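Trainee: I would like to go through the labels on this model and ask what stands behind each one.

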Amino acid sequence: MKRILLTLAIAIAAVSAMWALDATGKQGTCNWTFNSTTGVLVISSADDAPSWGGELKIENPNLSPFAGKSEITEVLIEEGVSEIGTGAFMGDLNLKKITFSSTVVMIGFSANNEAEDEMVQMPFYGCTGLETLIFKSSNVPDTDNRIYDRTTEELYGFDPSKVSLYLNDGSIRSFVESGWGVFNIYSLPPVAEGTFGDGFSWKLSGNGKLTVMGKGAMPDLETVNDEPWAEHMENIKELVVAEGITHIGDRSFGLCANMESAYLPASLESIGEYAFGLTNKLTEITCAAISVPTMGEDALPVIDDKTSRYIFVWSYMKDLFLKDADWSKHKISGFGAQTEFLAFTDGVDVEPRSENAIYVTWPQVAGATAYVITLTSEDGWYSYEITISSDGKTTYVKKSLSPAPQYTLDEIIHGFGLEFNGLEPGKNYTVTVVAKDETKALATYTNTILTISTDIEDVATETAAPQKFMRDGHILIRVNNRIYTLQGARK
């Protein structure tokens, strides 16, 4: 079947090339313009498009006006287009780059509900010259389920491992888990970035995520419009204040009128006056602080009588937040593990579980038949390599030191978890995970972790107040003889 489909795409390309693509036109509820000099095809939403966006409807990929057009070298899908139909660009052998706007929520759907499975294709099926895909949305587009009953070759008609897929910061994991890990995945560069104060930096992703990084207290601003991100204020939808920041400066985010959610770190101790003064769309805040941050005047005012701000805090901190006059004005909810609210780092996550143990998690990668996990100590004294099959079975173990650490393997939602025991306390370890098929590597993830040092003083079993420890940027919290990390509570 896969050879028949690919042969069909090539045949379409040969026949269709006899007719040049018009400079303008309409398909479904989308308009298009084509520049024959540059080879760029631009698709936009038409005036009669539905409220959710323009639909580039394709009943049969063989009849797509763009299929098999050798003159198309790039496709740019503009904001406002929501759906790209099945096989829209099938067999465009010279097509090198496609950019999908943030509004695209469906790809590969047929306008004909009774279309045969063979007629339901990814939009870029058989585009053997494709080099780059860009998705500006952080959400994985829906696809017709019939597409994923096929092999990789039947699905694409080319080798996806030779194509670079660029995504917004923080969305790689969801794309990998949805089958897009067969491409070479990279993060899109920030749309804006800069530095400020003493060692602070910031970056704004294309999906509106503002990340502020640094150590210590952010500088207070004397007036509005002094914000480092002032020119991009209306584009900020999400805020992440990185670990290590202890104070959010006066007026820092007060004019971010479109901000909807924010993450405040465990290290936070105070919020300056008017820091979130006019953020009337900011209705969800995850505050991981392990002491109730103090607030300056109107740092986080109530929005109105009908709209609440929902604050998510550690469960054991909930009562303390409710007793604070500034925080109790809002809806306070507790959580026991941060994993439900934190944006995971893309790829492999590593966390300390005790002085001698770490826990490694990584996503399943579509097409992978094995995962090779390597644990290496900072001094290079030993390394430990394990190969795990896609069904969670250990197939190979190699160690350079005996006795080696012990390990246990978990199969978790959309991935695997591996706990290493018997490590040295207070030492850095590098973990590398390589997802492979029978012939090549599909994805590689790397992370470094510091095991908990033995010089953390013991705490009585029933200690009421939490204690915080900092180890090379890792925040460790001990409550009732449990160690808490940014990934949640571990015994």
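Mentor: Start with a cavity. This is a predicted model. Its second largest cavity is lined by Phe196, Met218, Pro219, Leu221, Pro228, Trp229 and Ser252.

Trainee: What makes the lining of the second largest cavity six nonpolar and one polar?

Mentor: Phe, Met, Pro, Leu and Trp count as nonpolar. The lining has no charged residues.

Trainee: What is the volume of the second largest pocket, and which residues are closest to its centre?

Mentor: The volume is about 830 Å³. Of the 32 lining residues, Lys136, Ser138, Asn168, Asn207 and Gly208 are the closest to the centre. By class, the lining has eight nonpolar, 15 polar and nine charged residues.

Trainee: Why is Ser137 called buried?

Mentor: Its relative accessible area is 7%. Buried means under 20%, so Ser137 qualifies. Ser137 sits in the loop between strand S9 (132–135) and helix H2 (152–156).

Trainee: What makes the Ser137 side chain and the backbone nitrogen of Asn139 a polar contact?

Mentor: The distance is 3.0 Å. The cut-off is 3.5 Å, so the pair is within it. Leaving out residues up to four places away in sequence, Ser137 also touches Ser101, Ser102, Val104, Asn168 and Phe175.

Trainee: What makes the phi of Arg251 worth a remark?

Mentor: Arg251 is not a glycine, yet its phi is positive, about 60 degrees. Most residues other than glycine have a negative phi. Arg251 lies in the loop between strand S17 (245–248) and strand S18 (261–264). Asp298 also has a positive phi, about 50 degrees, and is not a glycine. Its loop runs between strand S21 (294–295) and strand S22 (310–314).

Trainee: Are Arg251 and Asp298 buried or partly exposed?

Mentor: Arg251 has a relative accessible area of 17%. That is under 20%, so Arg251 is buried. Asp298 has 41%. That falls between 20% and 50%, so Asp298 is partly exposed.

Trainee: How do you know that Leu300 is buried?

Mentor: Its relative accessible area is 6%. The limit is 20%, so Leu300 is buried. Leu300 is in the loop between S21 and S22.

Trainee: What separates Leu300 and Phe276 in sequence and in space?

Mentor: They are 24 residues apart in sequence and 5.2 Å apart, C-alpha to C-alpha.

Trainee: Which residues have the most contacts inside the largest nonpolar core?

Mentor: Phe89 and Phe124, in a core of 67 residues. A second, separate core has 43 residues, including Phe196, Phe253, Phe276 and Phe321.

Trainee: What does Phe89 touch beyond four places in sequence?

Mentor: Among them are Leu41, Ile43, Leu56, Phe66, Val75, Ile98, Tyr125 and Cys127. Pro123 is also one of the residues touched.

Definitions and conventions
Residues are numbered from 1 along each chain as its sequence is written. This is a predicted model: local features need pLDDT of at least 70, side-chain atom pairs count only at pLDDT 80 or more; totals for chains, interfaces and linings use all residues. Side-chain values use heavy atoms; hydrogens and water are left out. Helices (H or I, at least four residues) and strands (E, at least two) are DSSP runs, numbered from the N terminus. Buried means under 20% relative accessible area, exposed over 50%, partly exposed in between (1.4 Å probe, protein chains only). On a 1 Å grid over the protein atoms alone, a cavity is a set of points where a 1.4 Å probe fits but cannot get out, and a pocket is an open set with protein on both sides within 12 Å along at least five of seven lines; lining residues have an atom within 4 Å of a point. A polar contact is a pair of N or O atoms within 3.5 Å; within protein, one must be able to donate a hydrogen and the other to accept it, and residues adjacent in sequence count only if both atoms are side-chain atoms. Contact means heavy atoms within 4.5 Å. Grid points are joined across faces, edges and corners, and a volume is the space filled by probe spheres set on the points. A nonpolar core is a set of buried Ala, Val, Leu, Ile, Met, Phe, Trp, Tyr and Cys residues joined through side-chain atoms within 4.5 Å.
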